[in-house]
Amino acid sequence: MIGILASVIDGVLVGSVYGLAAMGLTLIWGVMNVINLAHGAIIVLGMFVLYLVATALGLPPYGAIPITIALGFALGVALYWIAVHRMIGRPALMSLLSTFAVNMVLIGLGTALWTTSPYNVPVAMPGVAWQGYTFTGTHIMAAALAALIAALLYLLLYRTRIGKAIRAVANNREGAELSGIPTSRILSLAFGLGVALAGVSGTLIATLFPFTILSGEAYQLKSFVVTVLGGLGNPAGALIGGVALGLIEGLATPFMPVSWIPIVEFGLFVLCLIAFPHGIFALKRS
Amino acid sequence: MKKSIIALCGAFAINLSPIPALAQDTLTIGFTISQTGKLNNDATAQLRGIELWRDEVNANGGIKAGSKTYKVKLVSYDDESQNTRVQQLYTRLIAQDKAQFLFSPYSSGLVATAAIISEQYGKVMITTGGAEEKTYKLGNKNLFQLYSGAGQYLAGAVAALKEKNPKARVAFVYEDDPFTKAVNGATKELAKQAGLTIALEESYAGSTTDFSPVINKVISSKADALLGGGHYADGATLARQLHEQNAGMKWVTLLVAPDSPNFATLGDAAGGISVPSQWEPQVTYKPDFGPDAAAFTKAFTQKFKIEPGYHAAGGYAAGLILQHAIEQSGSIDQAKVAAELNKMDVTTLFGRTKFSTDPKEHGLQIGHKMVLAQWQKKNGALVKEVIWPNEAKTADAMY
């Protein structure tokens, strides 16, 4: 019983980081109806920011977070104008291909720079021991930071003029344009925010596990599951979806072989798509 | 006048043709290597071993077969760690690049795919980096395995563990792939025969990134030893999380990952982790031909600025074995070289090499023996020590 509880707690801790990763994906989808297939590659770039900051520059590992947010935002805005802007309003396949191309370029550059060898950034952080089970300090810290970043995003979206503009563009781009909102600039800001969120989730994941330039694929797939669970286009739902996914992983693991967990996850993904095509916590759009 | 010029040219031709020392050709050896994808780390080491062999052979004049000498030309492609690429590329290597002999890709799964193609075309392939035995039990005639079979991998770990704790409770946690499943199946039987208790058996997908749920299961099972792992990425993550979650394991043996020098980047998490190894730089085999382990290690370290692991030594030894077979047969004819490999029983820096000629398991490695190495802290630095078998050990096992 204690083992099950320990698994559930671990699941929730990691799930909140999955949720943060998915928030970037769902924000971009919600605002501009673009599925960013470079999401996994951007998560990995966030991991390498941690590696460079902690290993090459010798700075404290968590010091990488503001750097990743700043670099991620700048990269996101640049990517929007280079690869996404002209795809807005066109068939979904166009933006899928465009972001997939960006994904291939980023992975290719990353492979040339760092090869596909594994990297590890040891982060010393005391954990909490309980009944023979240890909850690592890095997991607790990652979950707390994911919740904090999600809260800051909420404040940005609901308590600032830029946030209001982003929501206005998401709800009705033409209406927002008529109200004098520079929608293209707002879309680029939203894309920058989405990329920054993906990057910072990568930085947090890299404090937990070793990684390679190819690690993003697994997290991108999880982000899709989380996005569908949490509702397409709903950043707060993504966090809940992430925690729910972690909870399901934690609850299922004690009762079945772990190799079955992906089957449960993706089975759930398909069921959600059938029962709730826009996700369980989908926002109503006017 | 015209006649005398023709006669003069003819005399030159006659005079030049019988000088065998000048008859030098190229021998093309084809293979794929995982330059990208999840097998990149171990496959790169294998490639470096092969390249070092090629450079040394060519620097010494090439491979001598009868009256001819052949410079070695390697043709290789990136298989992206994917079976589908191996299938396409081995066909290309044989049909378009006219590779005369083949080396295998890295990992049992890819070797099995490459073996289908090499057998279809009747090409001799030395397999290095593939330990699963099933591939050699399918009636193949031109496949020759350099590594000890998967069944041997954890035999030393079971024996060493039994010596430390005959009542150990073992958790088997392994990647769900052909090689690790084969290792696990054989080791479970060995553990039962040794009287050890199997507390848990869990397989995981190769893409697993978080082992917390598995480790909680290990803790719940009250296991005090863990055997398993898979390849580099998952093995390194499992080792790190076992350490961070204080799983309380007194003995951990993981496949493949701890053999890489990169494993030391895990720091304290690497301490005490043991790895079955096909070869270690400290081994003291007396080779029948080629350099000994110390000379190979020195040359490899000089060239690549990193100490070789067994994947690198395996790549080098694959070249040596093929070279020896060609030189002994005095030909590059596939049938003659295969016949030479069939009767081969030699020792190189990699240890003894002898291939089974039993039609039921033709080409299976039956001469080579494995060692068990463990990461230990010496003077504050992590070093790998051989801890099993007792006659080859360089340090006592940490338990």
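## The second largest pocket

A pocket here is an open set of grid points with protein on both sides within 12 Å along at least five of seven lines. In this predicted model, the second largest pocket holds about 530 Å³ of space. Its lining is made of 32 residues, and those nearest the centre are A:Ser117, B:Asn41, B:Arg48, B:Asn262 and B:Ile306. Elements that contribute two or more residues to this lining are α2 (39-56) of chain A, and α2 (40-59) and α10 (310-329) of chain B.

The element that gives the most to the lining of the second largest pocket is α2(B), with eight residues. By residue type, the lining divides into 14 nonpolar, 14 polar and four charged residues.

## Cavities

Four cavities of 30 Å³ or more are present in the structure. The largest cavity has a volume of about 70 Å³. It is lined by 13 residues, with B:Tyr106, B:Ser107, B:Gly129, B:Tyr153 and B:Phe179 nearest its centre. Seven residues of this lining are nonpolar and six are polar, with no charged residues.

The second largest cavity contains about 50 Å³ of space. Residues from both chains line the second largest cavity, including A:Ser7, A:Asp10, A:Tyr18, A:Glu249, B:Asp210 and B:Pro213. At least two lining residues each come from α1 and α10 (235-252) of chain A and from α7 (212-220) of chain B. Helix α1(A) gives the most, with six residues. The lining of the second largest cavity comprises three nonpolar, six polar and three charged residues.

## A:Val12 in helix α1 of chain A

Helix α1 of chain A, residues 2-32, contains A:Val12. This residue has a relative accessible area of 29% and is therefore partly exposed. Leaving out residues up to four places away in sequence, A:Val12 touches A:Val243, A:Gly246 and A:Leu247. One of these, A:Gly246, is also in the lining of the second largest cavity.

A:Val12 and A:Gly199 are 187 residues apart along the chain, and their C-alpha atoms are separated by 20 Å.

## Helix α6 of chain B

Helix α6 of chain B runs over residues 178-193 and has 16 residues. From first C-alpha to last it reaches 23 Å, close to the 22 Å expected at 1.5 Å a residue. Which residues of α6(B) are buried? They are B:Phe179, B:Thr180, B:Val183, B:Asn184, B:Thr187, B:Lys188 and B:Ala191. These residues lie on the same side of α6(B) because they cover an arc of only 150 degrees around the axis. In general, an α-helix has 3.6 residues a turn, so residues three or four places apart point the same way.

The buried residues of α6(B) are covered by elements of chain B that include the helices α4 (108-120) and α5 (155-164). The strands β7 (169-175), β8 (197-204), β9 (225-229) and β10 (251-255) are also among the covering elements. B:Phe179 is one of the residues nearest the centre of the largest cavity. Just after α6(B), B:Gly195 adopts a positive phi of about 85 degrees.

## B:Thr237 in helix α8 of chain B

B:Thr237 belongs to helix α8 of chain B, residues 232-244. Is B:Thr237 buried or exposed? It has a relative accessible area of 4%, so it is buried, the cut-off for buried being under 20%.

Setting aside neighbours within four places in sequence, B:Thr237 is in contact with residues of both chains. These are A:Phe209 and A:Pro210 of chain A, and B:Thr209 and B:Phe211 of chain B.

## Backbone features in chain B

B:Ser107 is in the loop between β4 (101-103) and α4 of chain B. With a relative accessible area of 7%, B:Ser107 is buried, and it is among the residues nearest the centre of the largest cavity. B:Val256 is in the loop between β10 and β11 (273-277) of chain B, and it counts as buried at 1% relative accessibility.

B:Trp388 and B:Pro389 are joined by a cis peptide bond, with omega about 0 degrees. B:Pro389 lies in the segment after β15 (381-388) of chain B.

Key: Residues are numbered from 1 along each chain as its sequence is written. Chains are lettered from A and ligands numbered from 1 in the order in which they are written. This is a predicted model: local features need pLDDT of at least 70, side-chain atom pairs count only at pLDDT 80 or more; totals for chains, interfaces and linings use all residues. Side-chain values use heavy atoms; hydrogens and water are left out. On a 1 Å grid over the protein atoms alone, a cavity is a set of points where a 1.4 Å probe fits but cannot get out, and a pocket is an open set with protein on both sides within 12 Å along at least five of seven lines; lining residues have an atom within 4 Å of a point. Grid points are joined across faces, edges and corners, and a volume is the space filled by probe spheres set on the points. Helices (H or I, at least four residues) and strands (E, at least two) are DSSP runs, numbered from the N terminus. Ala, Val, Leu, Ile, Met, Phe, Trp, Tyr, Cys and Pro count as nonpolar, Asp, Glu, Lys and Arg as charged, and the others, Gly among them, as polar. The expected span of a helix is 1.5 Å times one less than its number of residues. Buried means under 20% relative accessible area, exposed over 50%, partly exposed in between (1.4 Å probe, protein chains only). The arc is that of the directions from the helix axis to the C-beta atoms. Contact means heavy atoms within 4.5 Å.
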